[in-house]
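Take a look at the chain shown here.

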Amino acid sequence: MSDNSRNNGIDALKCMAAILIVAIHCASVTLFDQAVHLIGRMSVFLFYMITGFYLDGLLKRDKILKITVFAYVLYLCIYLASPVSGTLSLDVLPSADSLLIWLFSGSNDVGGHLWYLNGLILALCFIVLIRKLGLYNSWLPIVVLFASNYILATFVDDIWIYRNFLFTATPCILFGKKLKETIERESFPNIILHSNKILGLMICISIVLLFFETWTCNHLDVNMYRDFYLSLIPLCSFVYILFYEMKGENRVFRLASWIGNRLSTYIYIYHFCIVNMIYSYCHGYEQFLISVVITILVSYIHYSIKSKFLRWKTVR
């Protein structure tokens, strides 16, 4: 498989991750709201790991520049949409200073979830440096940065210290790349790679470990608002492998792959404003379902406008 070719299973996983992101930002999705919220924590990690799946095609100066411009456009769109959703009362465009602060720190007045975009941009730049240092194919930066993330998440309450490009985005992207290479070389035991039942069992065990680790941290009064747990590593790995090997042909799978490929990033960016807007009218299941539908529609409109603009630009 070439580095830039699409994998429908991985694209379907992006769709699932995007919907989980919406779920954890809704007031209450099920009676097991805390469980949904906790499992949903793997979504951002999966997004970054999937970036690692296509990493070799992204580490180019023009590509990183395009991603940066794309991120700024999305930031402006969500900024201007904030007064409508009630997230923020704004009547002017963001200043150049605020844009620079957001790009380099992730800090902004619109939504904490936007750290994902600046984290992606800076992580790609940092990985270029890692490649020049000869560590691109090494496990060393992954292990060191994951360990640093866990230590910081345990002892530091300020999430911006460890929720950034260095301790989250970079190791997750590199881990996704290494996991893809490991699967393609079939370095994993075949019983894991080619058995959905075994993968399902591993995922269930990882979820149990995640709940146990969370309970332990809460019992020991360790930072309960942390985003990173060690159990997320095997959980995300087995979910990643399961979807990588998925070859579904039904309409639901194809639709999920299409949404994951074309709309998942827009869903991630726009959902926060829409969830806040819906919150005044409904909660629970209704809030979640309506937020998902509206977010997908808004994302599709944005994608369609972008596609038509690119076609118009090509014709010219």
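Q: What share of the contacts in the protein chain with a separation of 6 or more comes from residues 24 or more positions apart?
A: The model is predicted. Contact here means heavy atoms within 4.5 Å. Among contacts with a separation of 6 or more, the part from residues 24 or more positions apart is 77%.

Q: What percentage of the residues of the protein chain count as buried?
A: Buried means under 20% relative accessible area. The protein chain has 316 residues. The buried share is 49%.

Q: Why is α3 described as largely enclosed by the rest of the structure?
A: The buried residues of α3 include Met42, Phe47 and Gly52. α3 is largely enclosed because its buried residues number twelve of the twelve.

Q: What distance separates the end C-alpha atoms of α3, and what span should its residues give?
A: α3 has twelve residues. At 1.5 Å a residue, they should span 16 Å. The end C-alpha atoms agree with that, being apart by 16 Å.

Q: How far does helix α7 reach from its first C-alpha to its last?
A: Helix α7 covers residues 140-155, which is 16 residues. At 1.5 Å a residue, 22 Å is expected. The reach is close to that, at 23 Å.

Q: Which helices do the buried residues of α7 pack against?
A: The buried residues of α7 include Ile142, Leu145, Phe146 and Leu152. Asn149 and Thr154 are also among them. The buried residues of α7 pack against α3, α6, α8 and α11.

Terms used
Residues numbered from 1 in each chain as written. Predicted model: local features only at pLDDT ≥ 70, side-chain atom pairs only at ≥ 80, totals over all residues. Heavy atoms only, no water. Helix = DSSP H or I, 4+ residues; strand = E, 2+ residues; numbered from the N terminus. Expected span 1.5 Å × (residues − 1). Buried < 20%, exposed > 50% of the residue type's maximum accessible area, 1.4 Å probe, protein only.
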